[in-house]
Amino acid sequence: MSSKQKEIESNPTNSLEVVDDGEKLHKRETWSTKMDFLLACIGFSVGLGNVWRFPYLCYKNGGGAFLIPYLICVVVGGIPLFYLEVAVGQFMGTSGLGAWNICPLLQGLGIATTIIVFFLNCYYNVILCWAFYYMFSSFALELPWATCDNWWNTDRCSTFSEEASLNSTANVTSNVTDSGLKKLDAVTEFWERKVLAISEGIEYMGPVKWDLALTLLFAWIVVYLCICKGIKSSGKVMYITATTPYLFMTALLIRNSLLEGAIDGVEFYLKPNITKLSEIEVWVDAGTQIFFSYSIAIGALTALGSYNLYNHNSYR
C-alpha cells in the first residue's frame with residue numbers, strides 16, 4: 001500500500017481528494033450532518049416531476065394500475081441505480097464530472113452528465129422565473145388574471161364565473177365569439193399574451209420582455225445565494241426546499257378533497273384499469289418517470305454522495 005493510500009485511509013474525516021498531478025492533496029467538504037445528505041436526496045426526488053407529471057401519468061395509464069409497473073421499476077431500476085450513483089461518488093470523493101474516472105472507459109459519462117445538467121438548470125430556472133412572476137403578480141389587490149379589463153385581453157376573453165355558467169348550460173355555441181372563435185379564459189390570456197407574449201411563430205423573436213428578463217435574473221441570484229458557500233449553505237437550504245413540497249401537496253390534497261367531484265378521482269384510483277398493463281407505453285412511462293423524478297443519470301446523485309464521509313452508510 002502506498003503512502004498516499006495510507007494517508008487517505010488514516011484521515012478520520014476522509015475529506016482528502018487526490019489532484020490530477022498525483023502529488024498534492026486537498027480537503028473536500030463534507031455534509032455537516034447525515035440529515036443534510038438525506039434531505040438533499042429527498043429534495044432531488046420530490047419536485048416538479050412528481051407534483052405535476054406523476055398524476056398526469058396515472059390518469060393517462062389506467063389510474064391505480066400505473067402503480068404496479070411504477071413500483072416494479074422502482075425496485076428493479078430506481079433503487080439500484082440511485083444507490084450506485086451515490087456509492088460511486090462517495091467512493092471517489094470527487095465531483096460528478098470526475099467520479100466516473102473510476103474506469104477509464106466511462107470517463108465520457110461525467111462529461112455527458114455535466115452537459116445535461118447545464119441545459120437542465122437553464123430551463124428549470126426559466127420555470128422558476130415564471131413562478132416568481134406569478135408570485136409577484138399575486139401581490140396586486142386584484143389578481144390580473146381575474147378580469148378581462150386589462151390591455152392584453154381580447155374580445156375572446158371570459159372570466160372564471162362566465163366559464164362556469166357556460167359549462168352549466170347546454171348551449172355549447174355560446175362558448176364562441178361572434179366571429180366563430182372559441183373563447184379563452186382570462187388566465188390563459190394573461191399567460192399567453194402578458195407573460196409570454198407569444199409571437200406568430202418561432203421565426204418572429206420579438207423584443208426582449210424586460211419584466212421576464214429581470215425575474216429570470218432574480219431566479220439565478222436566488223440559486224447563487226443558495227450555493228455560494230458550498231454544501232454548508234445548500235445543505236441548510238434543503239431543510240426548506242425538501243420539506244416545502246410536502247406542505248404544498250398536503251394543502252392541495254385537503255383543498256381538492258373538498259371540491260365537487262373529488263370522489264370520482266378517488267374511485268378512479270380504487271378501480272384501476274388493469275387492461276392498460278398490456279400496453280408497452282405504460283411500462284415505458286413508468287421507467288421514464290423513475291429516471292426523471294429520482295434524478296438518475298445526470299450526475300447530481302454522484303455529486304451529493306461525494307460529500308459523504310468514506311464510511312458513511314449510504315445504503316441504509
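Mentor: Helices (H or I, at least four residues) and strands (E, at least two) are DSSP runs, numbered from the N terminus. This is a predicted model, where local features need pLDDT of at least 70 and side-chain atom pairs count only at pLDDT 80 or more, while totals for chains, interfaces and linings use all residues. Residues are numbered from 1 along each chain as its sequence is written, and side-chain values use heavy atoms, with hydrogens and water left out.

Trainee: Thanks! Where does Ser314 lie, and is it buried or exposed?

Mentor: Let's start with the terms: buried means under 20% relative accessible area, exposed over 50%, and partly exposed in between (1.4 Å probe, protein chains only). Ser314 lies in the segment after α13. Its relative accessible area is 19%, so Ser314 is buried.

Trainee: Which side chain makes a polar contact with the side chain of Ser314?

Mentor: A polar contact is a pair of N or O atoms within 3.5 Å; within protein, one must be able to donate a hydrogen and the other to accept it, and residues adjacent in sequence count only if both atoms are side-chain atoms. Contact in general means heavy atoms within 4.5 Å, and, not counting residues up to four places away in sequence, Ser314 touches Tyr83, Val86, Gln90 and Asn308. The polar contact, at 3.4 Å, is with the side chain of Gln90.

Trainee: What separates the C-alpha atoms of Gln90 and Leu309?

Mentor: Leu309 also lies in the segment after α13, which spans 300–306. With a relative accessible area of 39%, Leu309 is partly exposed. Gln90 and Leu309 are 219 residues apart along the chain, and their C-alpha atoms are separated by 7.2 Å.

Trainee: How many disulfides are there, and which residues are joined?

Mentor: A disulfide is a covalent bond between the sulfur atoms of two cysteines. Here the rule is a pair of cysteine sulfur atoms within 2.5 Å. By that rule the count comes to one disulfide, and with an S to S distance of 2.0 Å the joined residues are Cys148 and Cys157.

Trainee: What is the handedness of the disulfide of Cys148 and Cys157?

Mentor: Cys148, at 24% relative accessibility, counts as partly exposed, whereas Cys157, at 10%, counts as buried. The torsion about their S-S bond is about -75 degrees, so the disulfide is left-handed.

Trainee: Which residues does Leu304 touch?

Mentor: Leu304 is one of the residues that touch the most other members of the largest core. Leaving out residues up to four places away in sequence, Leu304 touches Trp31, Phe37, Ala40, Cys41 and Phe44.

Trainee: Which residues does UniProt list for "binding site"?

Mentor: UniProt positions are given in the numbering used here, feature names are shortened, and annotations may be inferred rather than shown by experiment. The record in this case is an unreviewed entry, and the residues it lists are Gly43, Val46, Asn50 and Ser293.

Trainee: What is the largest C-alpha distance for these listed residues?

Mentor: Two of them, Asn50 in α3 and Ser293 in α12, are in contact with each other. Although the listed residues are spread over 251 residues of sequence, they cluster in space, with a largest C-alpha distance of 11.3 Å.

Trainee: Which residue has its backbone oxygen 2.8 Å from a polar atom of the Ser293 side chain?

Mentor: At 3% relative accessibility, Ser293 counts as buried. Leaving aside neighbours within four places in sequence, Ser293 is in contact with Phe44, Ser45, Asn50 and Tyr70. The backbone oxygen at 2.8 Å belongs to Gln289.

Definitions and conventions: Core = buried A, V, L, I, M, F, W, Y, C linked by side-chain atoms within 4.5 Å.
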